[in-house]
Amino acid sequence: MNSTPDVYALLERGEVYSLEDQLELLADVTQSFAESLEIEATLRNAIEKFMQYMDAEAASIFLLDTDADPLNPELVCRACAGPVDISGLRLPGDKGIIGKTVMSRTCQIVRDVSKDPDFAGQVDAGTGFVTRSILCTPLIVRQKCIGALELINKRGGDGLFDDRARHLLGALASSAALAIHNARMADRLVEQERMRKELELAREIQMHLLPEPGGDGFPVVGMNVPAREVSGDFYDFLKRDDGLIYFSLADVSGKGMNAALLMAKVSSLLHHLAREISDPGELLARVNTEVCESISHGMFVTIVAGFLDPAKRMIELANAGHQPPLLHHVDGSFEEIAATAPPLGVVAACAFPVTTLKLDDSSLYIFTDGVTESLDESNSPLGVDGFIKLVRDAEFGPATRRLQGIVRELRKPVVSQRDDITLMVIETDGDRRPDAMKTQQIFALHFRAEPERLGPVRALVKRAAQSFGCSEALADKLVIAVNEACMNVIQHAYRGDSSGEVSLEVRTNGTQVIFRLEDQADPIDLQGVKPRDLDELRPGGLGVHFIREIMDHSEMGHLEHMRGNYLEMRKAID
Amino acid sequence: MQYNSRSAGTYTVLELKGEVDLSCSPDARKQILQCLDSGRHLLVDLSAVTYIDSSGVASLVEGYQTAKKKNLRFGLVGVSGAAMGVLQLARLDKVFPIHSSTEERISADG
C-alpha cells in the first residue's frame with residue numbers, strides 16, 4: 001500500500017532522519033496508542049511528538065465525521081500542535097489539501113501552497129498564521145480512509161518536506177489509524193456494556209419490587225417473565241392486618257430505565273398507600289395525582305388494582321385503562337371486567353369507579369397485553385380468545401402450576417419474546433379446590449363421520465356418564481346432546497362427506513362432565529349456528545336447541561392451529 | 001330400527017322399533033310418507049322406540065304437516081319414555097296428538 005511504506009526497508013537504506021530517533025519515536029507512539037483507550041489525549045500527545053520530530057511548525061489530525069451527514073461527511077480536527085489551536089475545526093470533506101488527501105487516499109506534498117489550487121487557506125485568513133508548505137497523509141485502516149494527518153511548514157533547510165518525510169509520516173499514520181480504530185471499537189464496547197448494565201439494573205429494580213410468592217393456598221399468584229428489553233410491567237400483593245388482600249397488576253408505557261423507574265415509583269406508592277386506603281378508586285386517584293405531577297410527557301400507566309376479602313370471597317377493583325381482566329366462572333364461561341377510567345398519568349383530576357365482583361369459586365385472571373400480543377405458531381397475535389383457550393387447556397391443579405403451564409404455552413412458539421409476560425390469578429380456597437379443577441379423561445375416541453357410528457358412540461357416552469355417578473335420567477340427556485352434536489358435525493361441518501374424522505373427548509373434574517368434539521372440516525359460520533324458534537313448526541334445526549337445553553355451557557369455535565371446528569359442552573353431575 | 005305396519009279401523013298403524021337416529025331416519029320418513037300416500041289416517045306407534053334423535057323427530061313433524069295438507073289424521077301412540085323425553089325437549093309433546101295406545105285413540109275418535 002502506498003500510504004504504509006516499509007519503515008524497516010527505509011531504515012536499512014539509511015533514508016532516515018536518525019535511525020535511533022526514528023525507532024524510538026515509532027516505539028513510543030505505538031506503545032502509547034496501544035496502552036491508551038483515551039484516544040483524544042493520546043492523539044494530542046502523539047501529534048506534538050510528530051511535529052517536533054519532523055521539524056514542522058504545526059501538525060494536526062483530522063477525522064471524517066459521518067454521524068451528522070453520512071453522504072457529505074465533514075473533516076473535524078481532533079488534535080493539533082503548533083501556534084494556533086484549531087481543534088474542533090470543521091472542514092468540508094472534499095475541499096482543501098486534507099480533503100484531497102482523503103478523497104484520493106494518497107499522500108499530498110505541497111511545496112508552495114500559494115501555487116496550489118486546492119489550498120483552502122481559511123485557517124490562515126482567520127489566524128494570521130502563514131502556511132507555506134504542507135505534508136498530508138491519509139489515515140487508512142481496513143481499507144477505509146478515516147481522516148488525515150497533516151504537517152505544516154518544515155522548519156530549517158529549504159522549508160520543504162521531502163520523500164523521506166513522506167514515508168515516515170506514512171508509517172506514523174498507519175499506526176495512528178489503527179489506534180483510532182481500536183479506540184472507537186473500545187468506545188462502542190464500553191457503550192454497549194453501559195447499556196447492558198443499565199438494562200440489568202432496570203431489570204433488577206423490577207424483579208426486586210415483585211412480591212415473594214404468598215405460599216400454598218394464598219389466593220393471589222402472579223408471574224412475570226421479562227422480555228430482553230426491560231419494560232415496566234409489575235404486579236404486587238400484600239395481606240393487610242385486617243385480612244384484606246391488596247393486589248395490583250400494571251403496565252408502564254415505554255421501555256428501559258425510564259419505564260423501570262416510573263414502575264418503581266408507582267409500585268412503591270401503591271404498596272405504601274394500600275395499607276391505609278381500602279377503596280381501590282381512592283387508591284388509584286391518589287397515585288394518579290402524584291404521577292401526573294411528575295410523569296414525563298407521553299408516559300402513562302395502565303393498571304388494575306383492588307382488594308380481595310377472602311372471608312366474603314368478594315373483590316373490589318378499579319381498572320385504569322388496562323386490558324380487561326377475565327373472570328373464569330365455575331360453569332366454564334368467561335366474563336370481561338372492562339376498564340372504567342383512563343390510564344394513570346393522563347388526566348390529573350380523574351375518578352376511578354370501583355367494580356365489585358362476587359368471586360366465590362370463580363378465578364380472576366389479570367394480565368398485560370404482552371400476553372395477548374404473544375405470537376402463536378402461525379405468527380399472529382394470540383388475542384383474548386387465544387388466552388381463554390390457554391386458560392381452559394392449562395394443566396389443572398393449583399394456581400401456580402396452571403400459570404406456569406400457561407406461560408410455557410405462551411413462550412413456546414416465540415423465537416424472541418417481544419414484551420413482558422405478566423399475569424396474575426386470584427381465587428379463594430385455592431388449596432381446597434385443586435380437586436375441583438383437576439380433570440380426568442374418561443375416554444377419547446375418533447370415528448368417521450358416518451351416521452352408523454352414532455349408535456356405538458351413544459352407548460359409550462351413556463356408560464361413561466353412569467360410571468362417574470350421573471343418574472339414569474341425566475345420562476340419557478347427555479347422550480341426546482352428544483348425539484346431536486355429532487350429527488351436526490356429520491351433516492353440517494362435513495356436509496355428509498363420510499371420509500371426515502370426528503374426535504370426541506370426555507373428561508370430568510368430579511363436579512362436571514366435559515365433552516369436547518373436534519372435526520377437521522372447513523371452518524363453519526359460527527354466527528349461523530343458533531337455536532331456532534320452537535314456535536315455528538318445521539322439521540330440522542332442533543339439534544342446537546337440544547344441546548343448549550341440556551348442557552350448562554356450550555361453546556364452539558374454530559381450531560387454533562389447524563383446519564377444523566370444536567364444540568365444548570359442560571354439565572354438572574347430579 | 002325395525003318397523004311394521006298394520007290396519008286398525010280407519011288408521012294405518014306404523015310401529016317403529018329400536019333406535020331412530022340419523023342412520024335410519026330417512027327410512028322412517030319414507031315409511032311415514034308412503035303410509036299417508038295411501039290416503040289413510042296414520043298413527044305412529046313409538047312404544048318400542050328406545051332412542052329417537054332430532055332427525056327422527058323431524059320425520060314425525062313432516063308426517064304431521066303432510067297429513068294436515070291431505071286432511072288426514074295423524075297421531076302418536078304408546079310413546080316410550082325415551083321418545084317422550086326428546087319430544088318434550090322439542091316442545092312437541094303439546095303439538096302432536098298423543099294417546100297411550102291405538103285402542104284408546106280409536107275410542108277417543110268415537
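Reply: In chain A, β4(A) pairs with strand β5 (residues 134-141) in the antiparallel sense over three bridges; two strands pair if DSSP finds at least two bridges between them. Helices (H or I, at least four residues) and strands (E, at least two) are DSSP runs, numbered from the N terminus. Gln108(A) stands opposite Cys136(A) in β5(A).

The model is predicted: local features need pLDDT of at least 70, side-chain atom pairs count only at pLDDT 80 or more, and totals for chains, interfaces and linings use all residues. Residues are numbered from 1 along each chain as its sequence is written, while chains are lettered from A and ligands numbered from 1 in the order in which they are written.

The pair belongs to an open, antiparallel sheet of six strands in chain A, ordered β3-β2-β1-β6-β5-β4. β3 (90-92) and β4 (108-110) of chain A have a single partner strand each, so one side of each lacks a neighbour in the sheet. Neighbouring strands are turned by 25 degrees against each other on average, direction ignored.

Axes are lines fitted to C-alpha atoms, for helices over the stretch in contact, and angles run from 0 to 180 degrees between N-to-C directions; contact requires C-beta atoms, placed from the backbone, within 7 Å.
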